[in-house]
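Visitor: Hi, could you walk me through this one? I'd like to ask as we go.
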Amino acid sequence: MPGEPTAPGPGSGGPHSSRLDPWIDQYAARTQGLAASQVRALFAVASRPEVVSLAGGMPYVAALPLEQLAEIAARVVKDRGNAALQYGSGQGDPCLREQILQVMAPAGIHARPDDVVVTAGSQLALDLVVRVFCDPGDVVLAEAPTYVTALSVFSSYQCDVVQVAMDSEGLVPQALREAIDLVRRQGKTIKLVYSIPSFHNPAGVTQGPARRAEILDVVRSAGLLLLEDDPYGLLGFDGSVPRAIRSDDSDGVLYLGTFSKTIASGLRVGWVVAPHGVREKLVLANETAMLCPSSYSQLTVSEYLATGAFFDQVKTFRELYRERRDALLESLTALMPPGTTWTEPAGGFYSWVTLPPGLDATAMLPRAVAALVAYVPGTGFFADGQGGGQLRLSYCFPDPERIREGVRRLAGVVEAELDLQDTFGDTLTNMRPFRPTGPTPDMV
Ligand SMILES: Cc1ncc(COP(=O)(O)O)c(C=O)c1O
């Protein structure tokens, strides 16, 4: 009837409509960035055992003391079930927040338990920080490239992401300064500078102490807030822990930490350290998102930390990942065709590879998967489609033998691409089958 409001719901025929998703017109504008990646289907294939996956950033949880963790998890239910199986504080368990201070001490962070908010992984902390600071159209400055799922968070809050150049020591201070000036001249509001200073995902590089001081200086003199994301800081292969930028500024830096890479990603326990006012907002946002972080996971982590085994376990992981990093770098050096370059990570999980000029890592991926090796194409780490000639390799999950085999297969694929390029020249570059449009679970 004219003048009558249209009924909400699937205008074109209800849930039985022939459209694939009858609710397609109803989604909030902020979900526009939540497109499923076309790479996802390939990663389904890539998870088959015959494929060497150098794609995912999955920690090697098989190296954990599983018996001990099983015993702790059972004890937490048996002896502390009333707390472990109940709702808890929106800020996180007080005892765990105290223990987190000890976990951050090697990075030079001095804080009080009250400064810490426990979240379901640092991913949720990242989401909450963006939620409390960013309105649609606000600008977030981030490294180029940056963590895929940070880009998804920024886009889900309709932020504009401006990515800033990196070099072998990470974010370039002068480039950051220029980006700030440019964005401000355009009349836009910058809300956050997001950086991963240690063992960067995906670039594999680390800011040295002088670089960190310079970055802090730029951010401070621009009156901006720095969001320091540090999941890998304890995983430096020489055993030293880079000093967190938060150690030198407790008012202007929000620090994200996690047990995902040092204990178990499946427990989903991360945290954010924030100045008083921000922390209050984050607790409220945490409660809105999930009432409270999992009491069971928190108490399991807390009881495990209480055994005193944590830093020894970190050492075990460090040595294991160093051996895998070595296997990756040695085989890249031995096997990759000339013109390919890569970063040499001093810790963490990733190396960033630049292919010989003219090759496209996204176009090459189906051929790589057909050759039984997988990686993440570089375009996923940029908001604007850059990174076509680059890819991320992770060495955290496969053992050294599999890594060597994976690189052998990848080198064969790159050689074959170069042969094709020799034969077909530019025609090849124009035959790109698809572009990734969003993250896949395997990209973390
Ligand atoms: C840079 C970075 N930040 C945050 C996360 C999220 O970690 P989690 O939510 O498991 O703590 C990851 C995971 O890979 C990461 O690499």
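Guide: The expected span of a helix is 1.5 Å times one less than its number of residues. This is a predicted model, where local features need pLDDT of at least 70, side-chain atom pairs count only at pLDDT 80 or more, and totals for chains, interfaces and linings use all residues. Residues are numbered from 1 along each chain as its sequence is written.

Visitor: OK, so how far does helix 13 reach from its first C-alpha to its last?
Guide: Helix 13 (residues 400–424) has 25 residues and spans 36 Å, close to the 36 Å expected.

Visitor: Which residues in helix 13 are buried?
Guide: I403, G406, V407, R409, L410, V413, V414 and E417. Buried takes 20 or more other C-beta atoms within 10 Å of a residue's own, exposed takes 12 or fewer, and partly exposed is in between, with C-beta atoms placed from the backbone.

Visitor: And what do they pack against?
Guide: Strand 1 (52–53), helix 11 (310–335), helix 12 (361–370) and strand 12 (373–374). Contact here has C-beta atoms, placed from the backbone, within 7 Å.

Visitor: How does strand 2 run relative to strand 9?
Guide: Antiparallel, with 4 bridges joining strand 2 to strand 9 (residues 270–273). V118 sits opposite W271 there.

Visitor: Are the faces of strand 2 covered or open?
Guide: Both are covered: V116 and V118 are buried on one side, V117 and T119 on the other. In a regular strand, side chains alternate between the two faces of the sheet.

Visitor: What about strands 6 and 7?
Guide: Strand 6 (residues 190–195) and strand 7 (residues 225–229) are parallel, over 4 bridges. Y194 has L227 in strand 7 as its bridge partner.

Visitor: I'm looking at V161 in strand 4. Why does V161 count as buried?
Guide: Because V161 has 20 C-beta neighbours inside 10 Å. Beyond four places in sequence, V161 contacts V140, A142, L151, F154 and A383.

Visitor: R268 and L291 have positive phi. Which is buried and which exposed?
Guide: R268, with a phi of about 55 degrees, is buried, having 20 other C-beta atoms within 10 Å. L291, with about 60 degrees, counts as exposed because its C-beta neighbours inside 10 Å number 11. Most residues other than glycine have a negative phi.

Visitor: Last one: what's around the ligand?
Guide: 14 residues surround it, the closest being G121, S122, Q123, T258 and S260. A residue counts if its C-beta atom, placed from the backbone, lies within 6 Å of the molecule. Helix 4 (residues 121–133) gives the most to that shell, with 3 residues.

Terms used: Helices (H or I, at least four residues) and strands (E, at least two) are DSSP runs, numbered from the N terminus. Two residues are in contact if their C-beta atoms, placed from the backbone, lie within 7 Å. Two strands pair if DSSP finds at least two bridges between them.
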